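Thanks for coming. I will go through a few parts of this structure, one at a time.

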Amino acid sequence: MTIPIRDDLTYILLKKIGSGNGRGESEIRNAAEEYVGHQVAEAELRGHFDYLNQREFIKAQVSGEPYGGAELTEKGRKLLHKMETNPPTSLHHEGSAVPIASKNMPFLEKVMVNGHLEDIFDARDITEVVYRVMRDVMTKDAIEHVESELHKEVLPTDDKTLQQEIADLWKDTNPLVGLLSRIRQPLTGPPAPAGIDGNLFARRVELEGSLPSGVKPETAIAAVFSATKDELSEERIQEIAGFLPDRIRGIWESA
């Protein structure tokens, strides 16, 4: 069973571990329940702790008392700083389960978390593929309109292979593919053999994106859509919706 990653509970765990005062499961659970406002199940607490450890926001010991040897990594301290600047609004509101990626993470981390992907590089590659299929159903003018709004870095990092704007992914890092996107006609609509319906859209993402085992194309598509919509004006959001086929438009509208 997948456990939704809550931004409020994640914030409390980071804060408690970062303070150096969280030295046991009961202590951390008590702090979580105090701030979140309801009982926190063991599976939920462990799921968040494991998530933070796997994503290298914390470094935890593999033996001994659970949670006792955890400490924040540099990545975790940066995330905590961001969340302290803009604390989750869901604190003390019982029942809310807001994905941490919705507000506090850079673009590629949003895609990685919501898409259940293993790392940032998977997120980058999947984003390029989803964008490629999106461009294939859009007009040249619409493609340029979207590109004009995506000038934000994909991830604050010293890794030169990831020092890009979102617009670089939208254009496709493969220059030939990017060129073809600008000179061909959109592939939706008649005649049917040339069109891209919802099934073909998802199938292309699955095949061209080499999705990890267990990750459905719809999940990856929704993750990219959600992160992208955060960067676009309402006008661009509506413009893109008008080009997407059947059920893919539904994913876009609900992302």
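Predicted model: local features only at pLDDT ≥ 70, side-chain atom pairs only at ≥ 80, totals over all residues.

The buried residues of α4 are Gly76, Leu79, Leu80 and Met83. They cover an arc of only 100 degrees around the axis, so they lie on the same side of α4.

What do the buried residues of α4 pack against? They pack against α1, residues 7–19, and β2, residues 71–72. As for dimensions, α4 runs over residues 74–85, which is 12 residues. From first C-alpha to last, α4 reaches 17 Å, close to the 16 Å expected at 1.5 Å a residue.

Next, α6. This helix has 17 residues and reaches 25 Å between its first and last C-alpha, close to the 24 Å expected at 1.5 Å a residue. Of those 17 residues, 14 are buried, so α6 is largely enclosed by the rest of the structure.

One of its partners is α5. The axes of α5, residues 107–114, and α6, residues 120–136, come within 8 Å and cross at roughly 90 degrees. From α5, the contact uses Phe107, Leu108, Glu109, Val111 and Met112. From α6, it uses Ile120, Ala123, Arg124, Thr127 and Tyr131. Sorted by class, that contact has 7 nonpolar, 1 polar and 2 charged residues.

Let me stay with one residue of that contact. Glu109 is in helix α5. Is Glu109 buried or exposed? Its relative accessibility is 9%, and the cut-off for buried is under 20%, so Glu109 counts as buried. Leaving out residues up to four places away in sequence, Glu109 touches Phe57, Lys75, Ile120 and Leu155. Ile120 is also on the α6 side of the helix contact.

Last, another glutamate. Glu153 lies in the loop between α7, residues 140–147, and α8, residues 166–171. Glu153 is partly exposed, with a relative accessible area of 45%. Which residues does Glu153 contact, leaving aside its neighbours within four places in sequence? They are Gln164, Glu165 and Ile166. Glu153 and Gln164 are 11 residues apart along the chain, and their C-alpha atoms are separated by 5.6 Å.

That is the end of my part.

Definitions and conventions
Residues numbered from 1 in each chain as written. Heavy atoms only, no water. Axes fitted to C-alpha atoms, helices over the stretch in contact; angles between N-to-C directions. Helix = DSSP H or I, 4+ residues; strand = E, 2+ residues; numbered from the N terminus. Contact = heavy atoms within 4.5 Å. Nonpolar A, V, L, I, M, F, W, Y, C, P; charged D, E, K, R; others polar. Expected span 1.5 Å × (residues − 1). Buried < 20%, exposed > 50% of the residue type's maximum accessible area, 1.4 Å probe, protein only. Arc of directions from axis to C-beta.
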